[in-house]
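Keep the 3D view open as you read.

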Amino acid sequence: MHILLTGAAGFIGMHTAQRLLARGDTVLGIDNLNDYYEVSLKQARLAALAAHPGFDLRQIDVADRTAMARLFEGPRFDAVVHLAAQAGVRYSISHPMAYLDSNLAGFGHVLEGCRAQKPDHLVYASSSSVYGGNTKMPFEETDPVDHPVSLYAATKKANELMAHTYSHLYGLPTTGLRFFTVYGPWGRPDMAYFSFTRAVLEGRPIQVFNHGQMKRDFTYIDDIVEGVVRVLDKPATPETAGGAPYRIFNIGNHDPVPLLDFIGCIETALGRSAVKQFLPMQDGDVPATYASTDALHRWVGFAPATPLREGIERFVHWYRGYHRV
């Protein structure tokens, strides 16, 4: 297939591109290479993709309406994987406009491009954050998600609503994937596992929020990519959502891990102990996430299962090699 992949320089974007290229697809990647975190890491990811003859990159911001319209005036894409977004719950509290531009306007431009080109399928990144303060565990796709606790979460829920509208009005097959705390090699430096690893190796204390009383459903990057590709190959059909070709799936490990156990995995992999600074809960955060993956398994016969300890060991091995520490 000829696939458009937005956010190609991102963590999930790079790994997804590698998987698609390895199976013979051609991938046109776009990314704005913003400086939310170090651009050098994004460039290194792109360098790993550039050696593949099936990959092409254009530096485009999805929030740029003119550039996005021009992109979709080119050859038709068989499918679109939309992973570009302004990420981060805490950053959305201090920089809300970045989320309105990228996550709302940017997604609207992708939908409009798809309306014009009519690809076979649009798969896009949602987030476990849409569940907000839900206390029913595990989180299921049928649970109400009407009370987000961060603007980031609100924009991701808005994406799901926007996609449903385009599926309903224009027959565009869309599938949203609610990712649960993705980690692994080439990961994002703003994520806890990355910053904890860096701090421990540099001898600095780590900040442990909610005094460590938190649980997360950590999902290894290879499992995320497997889910993305399997879903991409099975477009939503009209009978799945009240007549609209629209689906939503969780992609999580279905195994919430206490934060202190998670830190223990990092300490074991590094062979060093962390100095912990216990702090209150951060605004916009939630105490626990836990994914039901029954719907995903029924649809594509797959559910993530990589053990956290194994995934953290792979990440630490990559981190030491990349940073030469």
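**Helices that cross and pack**

H9 passes H11 in a right-handed crossing; a crossing is right-handed if the near helix is turned clockwise from the far one by less than a right angle, and left-handed if anticlockwise. Helices here are DSSP runs (H or I) of at least four residues, strands are E runs of at least two, and both are numbered from the N terminus. The contact, meaning heavy atoms within 4.5 Å, is made by Phe-262, Cys-265, Ile-266, Thr-268, Ala-269 and Leu-270 of H9 and by Leu-308, Arg-309, Ile-312, Glu-313, Val-316 and Arg-320 of H11.

Before going on, a word on the source: this is a predicted model, in which local features need pLDDT of at least 70 and side-chain atom pairs count only at pLDDT 80 or more, while totals for chains, interfaces and linings use all residues. Residues are numbered from 1 along each chain as its sequence is written, and side-chain values use heavy atoms, with hydrogens and water left out.

Two packed helices are described by the angle between their axes and the distance between the axes. Axes are lines fitted to C-alpha atoms, for helices over the stretch in contact, and angles run from 0 to 180 degrees between N-to-C directions. The axes of H9 and H11 come within 9 Å and cross at roughly 50°. H9 and H11 are therefore oblique to each other; angles under 35 degrees count as roughly parallel, over 145 as roughly antiparallel, 65 to 115 as roughly perpendicular and the rest as oblique.

H9 has another partner in H7: these two pack at about 50°, with axes 10 Å apart. H7 and H9 are therefore oblique to each other, and H7 passes H9 in a right-handed crossing. On the H7 side, the residues that meet H9 include Tyr-193, Phe-196 and Val-200.

What about H1 (residues 11-22) and H2: at what angle do they pack? The angle is about 5°, and their axes are 10 Å apart. That makes H1 roughly parallel to H2.

Now back to H11 itself. Its 16 residues (308-323) should span 22 Å at 1.5 Å a residue, and its end C-alpha atoms are 22 Å apart, which agrees; the expected span is 1.5 Å times one less than the number of residues. Its buried residues are Leu-308, Gly-311, Ile-312, Phe-315, Val-316, Trp-318 and Tyr-319, where buried means under 20% relative accessible area, exposed over 50% and partly exposed in between (1.4 Å probe, protein chains only). They cover an arc of only 165° around the axis, which puts them on the same side of H11; the arc is that of the directions from the helix axis to the C-beta atoms. The face turned away from this buried side carries the exposed residues His-317 and Gly-321.

Ten of its twelve residues are buried, so H8 is largely enclosed by the rest of the structure.

Finally, some backbone details. Most residues other than glycine have a negative phi, and most peptide bonds are trans. Lys-118, in the loop between helix H5 (96-117) and S5, has a positive phi near 60°. The peptide bond from Met-137 to Pro-138 is cis, with omega near -5°.
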